[in-house]
There are 2 protein chains.
Amino acid sequence: MEERDAVTAANQAFYRAFETLNITEMEKVWLQASHIKCIHPGWPLLAGWGPVMASWERIFANTESMRFDLTDVRVEVAGNLGWTVLIENLESGGPDGTSRSRILTTNLFEKRDGQWFIVHHHGSPIFAPPTPAEDQLH
Amino acid sequence: MEERDAVTAANQAFYRAFETLNITEMEKVWLQASHIKCIHPGWPLLAGWGPVMASWERIFANTESMRFDLTDVRVEVAGNLGWTVLIENLESGGPDGTSRSRILTTNLFEKRDGQWFIVHHHGSPIFAPPTPAEDQLH
């Protein structure tokens, strides 16, 4: 149960870093390893520290504010690996005003030296309004 | 390296089961556990054995053939957990003819009693043609 809480905290730390729009904060929550990967909604796969961090810099450069409300958060742990599956309810502000979107996300975390780091982020856009099937999950 | 091969084999077994369009084959490759989850491209999150298997039955009932060509396959292992990130190049036949699609996918596998089972599948549609950035990964 403790490890589950630790993965939940690592997941929250990832979104807090995301909201800062500060690359230094984002660098702190990712494992510095060549096998990290990231799939932003609608983007191709990015693999490795350089491409993944470059993508965050690009997102942060084009965004003025981001606020995440996470719902339907599921947390699983198996040894030194943990994963979360959740819905990001995102309010994002930029040059063209404020937009709201919903993203269905899988995050993977690895434990190194007692600390959990994100190693994989896969977000996919939710186009439709909530369906009855999805409501049943709440 | 052996475990990496075993996760690669479990990943291939998942797609072979998918191609059979047979629910019994699909049941063999999933871990029989309440924490399994599945995100089909554009679908809401499905969690637990019942909803996940019902989704496969629904897909199989509406499909006449499926052929997967997997590209850009990345395989990672950490203890009793493994994950793959890949592109599914899918040729799918149904009542309305044959269609081709590309899906960016994360699969998670858990090892139980020496055998690897899939515990999470997250597929998201690729809408755009391959971009230069994506080509660099090959």
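Colleague: How many residues does the contact take from chain B, and how many from chain A?

Modeller: This is a predicted model, in which local features need pLDDT of at least 70, side-chain atom pairs count only at pLDDT 80 or more, and totals for chains, interfaces and linings use all residues. Residues are numbered from 1 along each chain as its sequence is written, while chains are lettered from A and ligands numbered from 1 in the order in which they are written. Two residues are in contact if their C-beta atoms, placed from the backbone, lie within 7 Å. On that basis, chain B gives 28 residues and chain A gives 28 residues.

Colleague: Why do the copies meet through the same surface?

Modeller: On the side of chain B that touches chain A there are 13 nonpolar, 9 polar and 6 charged residues. Here Ala, Val, Leu, Ile, Met, Phe, Trp, Tyr, Cys and Pro count as nonpolar, Asp, Glu, Lys and Arg as charged, and the others, Gly among them, as polar. The surface is the same because the share of chain B interface residues that are also interface residues in chain A is 100%.

Colleague: Happy to hear it! Which C-alpha of chain B is nearest the axis?

Modeller: Superposing by least squares on the C-alpha atoms of residues with pLDDT of at least 70 in both copies, a rotation of 180 degrees with 0.0 Å of shift along its axis brings chain B onto chain A (RMSD 0.0 Å). The two copies are therefore related as by a two-fold rotation axis. At 2.9 Å from the axis, the nearest C-alpha in chain B is that of Ser124(B).

Colleague: Does Glu110(B) count as buried or exposed?

Modeller: Glu110(B) belongs to strand S5 of chain B, strands (E, at least two residues) and helices (H or I, at least four) being DSSP runs numbered from the N terminus. Leaving out residues up to four places away in sequence, Glu110(B) touches Ala78(A) and, among others, Leu31(B) and Phe117(B). A residue is buried with 20 or more other C-beta atoms within 10 Å of its own, exposed with 12 or fewer, and partly exposed in between. Glu110(B) has 23 C-beta neighbours inside 10 Å, so it counts as buried.

Colleague: And which strands are at the edges of the chain A sheet?

Modeller: The open sheet of 6 strands runs S2-S1-S6-S5-S4-S3 with mixed pairing, where two strands pair if DSSP finds at least two bridges between them. S1 (37-39) and S6 (115-125) of chain A pair in the parallel sense over 3 bridges. Pairing on one side only, the edge strands of chain A are S2 (46-47) and S3 (65-78).
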